[in-house]
Amino acid sequence: MNSLKILSVLYLSLVISFSSIISSPSSSPSTTSTSTSQSPITCNNNNNNYNYDGDYSYSCFDGTLSSVNSLNSKPNNQSKPTEGKPSSTSCEVWTKTCSEAVVALARQPETVTWLKSVRRKIHENPELAFEEVKTSELVRDELDRMGIEYRYPLAQTGIRAWIGTGGPPFVAVRADMDALPIQEAVEWEHKSKVAGKMHACGHDAHVAMLMGAAKILKSREHLLKGTVILLFQPAEEAGNGAKRMIGDGALEEVEAIFAVHVSHEHPTAIIGSRPGPLLAGCGFFRAVINGKMGQAGTPHHSVDPILAASAAVISLQSIVSREANPLDSQVVSVTTMDGGNDLDMIPDTVILGGTFRAFSNTSFNQLLQRIEEVIVEQASVFRCSATVDFFENQSTVYPPTVNDDHMYEHVRKVAIDLLGPANFRVVPPMMGAEDFSFYTQVVPAAFYYIGVRNETLGSTHTGHSPYFMIDEDVLPIGAATHATIAERYLIEHG
């Protein structure tokens with residue numbers, strides 16, 4: 001019993017002595033300082049770096065952070081974070097903190113200035129479909145500066161870049177690069193320098209936002225749990241550039257794809273999308289109805305193609321009103337008719353044309369079939385013949401853009417985490433068309449809008465207007481949204 005008491009006293013003495021040594025201001029230089037000026041501690045786990053620079057150090061266990069008293073000494077072989085590199089947080093499971101870190105990177109003043117510069121250079125030098133030589137060169141120069149690998153060309157001027165591990169999962173984000181044959185009417189410092197050409201649909205902003213996402217993702221590459229594919233695509237406005245990109249291997253190994261379009265329907269930085277059909281499929285038709293020329297005063301000696309064309313136009317309207325489900329929105333519009341120019345002659349030929357749109361592939365293909373049948377058969381009723389051209393060889397047919405339910409939900413979650421629930425909207429379908437639809441037919445996809453409406457700046461005109469302009473405050477938000485969609489997808493689908 002006495003022996004136990006003696007041992008207890010000795011143990012207490014040792015503890016008190018050890019504590020006084022640690023707390024003594026005259027401790028040896030090898031003792032870790034508790035000052036907030038201590039070197040940041042970096043912890044590596046599964047290729048993720050966690051940094052902390054304060055009164056508590058952190059240690060990593062199975063991807064989590066554990067707070068320990070700062071009296072614990074720093075290992076001698078602990079490396080310091082790269083100087084100037086933003087601190088990274090653990091995003092094994094995506095949190096609000098992860099979203100805030102991405103937004104902070106996008107909103108750095110030097111990044112915002114750079115994004116505007118990229119967008120303005122592209123805006124000043126607009127290039128039409130498959131002519132995006134300088135735009136593509138600018139993108140490649142910026143990718144080279146960031147040390148991002150890429151393949152070029154795809155679809156003549158397109159680029160496929162990649163960031164991450166080089167392994168699965170693979171997720172893609174796409175931006176279109178082409179301009180429109182429109183003379184810009186907006187007078188500002190960075191007005192188009194090319195007569196008759198203008199970025200009147202915001203593709204310059206799309207490229208800048210994807211470049212911004214590339215910059216963010218490259219700085220967080222050590223956190224990526226797979227590979228992000230960046231697609232810079234030509235010829236969205238004409239030429240089915242997406243279809244050509246797919247043919248050249250843009251979607252190799254890709255499991256999902258996302259894209260954005262600026263919108264004047266929503267205030268700046270508001271994000272909108274919907275599950276299922278978002279944009280209509282779009283096609284065009286041109287019909288030639290042949291009859292027999294004759295004097296207007298003796299119509300029985302002619303075969304009147306104008307009468308046949310008129311009957312065809314009226315009958316075309318019944319396709320939607322009498323054959324389509326009223327809950328399945330469809331459009332058939334005849335927009336042009338040319339039947340000669342002599343007031344006293346029945347012409348031998350009438351040419352009519354127009355457009356048709358639908359929100360499902362089934363309805364779209366049904367419209368195409370019925371338009372041809374109606375025109376040909378109505379022409380025959382009036383003893384004429386007819387042919388119908390849908391320009392399928394000229395790449396003017398766009399299928400519907402249909403969002404995958406799960407990919408839409410991914411965009412919704414990202415938008416709400418980044419910007420708050422008030423800044424996300426479920427939008428109605430629109431009859432406009434977009435060649436992103438070709439990607440949606442190959443892999444799960446989601447297309448979304450980001451608002452650029454700002455009455456104070458005059459950013460109120462819709463796309464394809466000579467007065468089109470955007471609120472450039474949207475650029476860092478778009479970049480952060482792209483980057484978060486991609487990085488979070490890899491985490492949640494790896």
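Two strands count as paired if DSSP finds at least two bridges between them. On that basis, serine 333 stands opposite threonine 355 in strand E16. The model is predicted. The protein has 494 residues, of which 49% count as buried, and it contains 11 helices and 20 strands. Of the contacts with a separation of 6 or more, 78% are between residues 24 or more positions apart.

**Four-stranded sheet**

- An open sheet of four strands has the order E14-E16-E12-E17, with antiparallel pairing.
- E14 and strand E17 (385–389) are the edge strands, each pairing on one side only.
- Neighbouring strands of this sheet are turned against each other by 20° on average, with direction ignored.
- Helix H7 (residues 305–323) packs on the sheet and touches E12, E14 and E16; the direction of H7 makes about 165° with that of E14.
- Helix H8 (residues 361–381) lies across E12, E14, E16 and E17, and runs at about 160° to E16.

**Strand E16 and its partners**

- Eight of the 10 residues of strand E16 (residues 349–358) are buried, so the strand is mostly covered.
- Strand E12 (residues 281–290) runs antiparallel to E16 and is joined to E16 by 10 bridges.
- Cysteine 282 stands opposite arginine 357 in E16.
- Strand E14 (residues 330–338) also pairs with E16 in the antiparallel sense, over eight bridges.
- Valine 334 has glycine 354 of E16 as its bridge partner.

**Eight-stranded sheet**

- Eight strands form an open sheet in the order E5-E6-E8-E7-E9-E20-E10-E19, and the pairing is mixed.
- Strand E5 (149–154) and strand E19 (424–426) stand at the edges with a single partner strand each, so one side of each has no neighbour in the sheet.
- From one strand to the next, the twist averages 25°.
- Strand E9 (residues 256–267) and strand E20 (residues 445–453) run parallel and are joined by eight bridges.
- Alanine 259 has phenylalanine 447 in E20 as its bridge partner.
- Helix H11 (residues 474–493) lies across strand E7 (170–176), strand E8 (227–233), E9, strand E10 (271–273) and E20, and runs at about 160° to E20.

**Aspartate 176**

- Aspartate 176 is located in strand E7.
- The relative accessible area of aspartate 176 is 1%, so this residue is buried, the cut-off being under 20%.
- The side chain of aspartate 176 makes polar contacts with the side chains of histidine 203, at 3.2 Å, and histidine 206, at 2.7 Å.
- Leaving out residues up to four places away in sequence, aspartate 176 touches His203, His206, Val207, Gln233, Glu236 and Glu434.

**Helix pair H3 and H5**

- The axes of helix H3 (residues 109–124) and helix H5 (residues 203–219) come within 8 Å and cross at roughly 145°.
- The crossing of H3 and H5 is right-handed.
- H3 contributes Thr111, Trp114, Leu115, Val118, Arg119, Ile122 and His123 to the contact.
- H5 contributes Asp204, Ala205, Val207, Ala208, Met211, Gly212 and Lys215.
- The residues of the contact of H3 with H5 comprise eight nonpolar, three polar and three charged.
- Val207 belongs to the H5 side of this contact and is also among the residues that aspartate 176 touches.

Definitions and conventions: Residues are numbered from 1 along each chain as its sequence is written. This is a predicted model: local features need pLDDT of at least 70, side-chain atom pairs count only at pLDDT 80 or more; totals for chains, interfaces and linings use all residues. Side-chain values use heavy atoms; hydrogens and water are left out. Axes are lines fitted to C-alpha atoms, for helices over the stretch in contact, and angles run from 0 to 180 degrees between N-to-C directions. Helices (H or I, at least four residues) and strands (E, at least two) are DSSP runs, numbered from the N terminus. A crossing is left-handed if the near helix is turned anticlockwise from the far one by less than a right angle, and right-handed if clockwise. Contact means heavy atoms within 4.5 Å. Ala, Val, Leu, Ile, Met, Phe, Trp, Tyr, Cys and Pro count as nonpolar, Asp, Glu, Lys and Arg as charged, and the others, Gly among them, as polar. Buried means under 20% relative accessible area, exposed over 50%, partly exposed in between (1.4 Å probe, protein chains only). A polar contact is a pair of N or O atoms within 3.5 Å; within protein, one must be able to donate a hydrogen and the other to accept it, and residues adjacent in sequence count only if both atoms are side-chain atoms.
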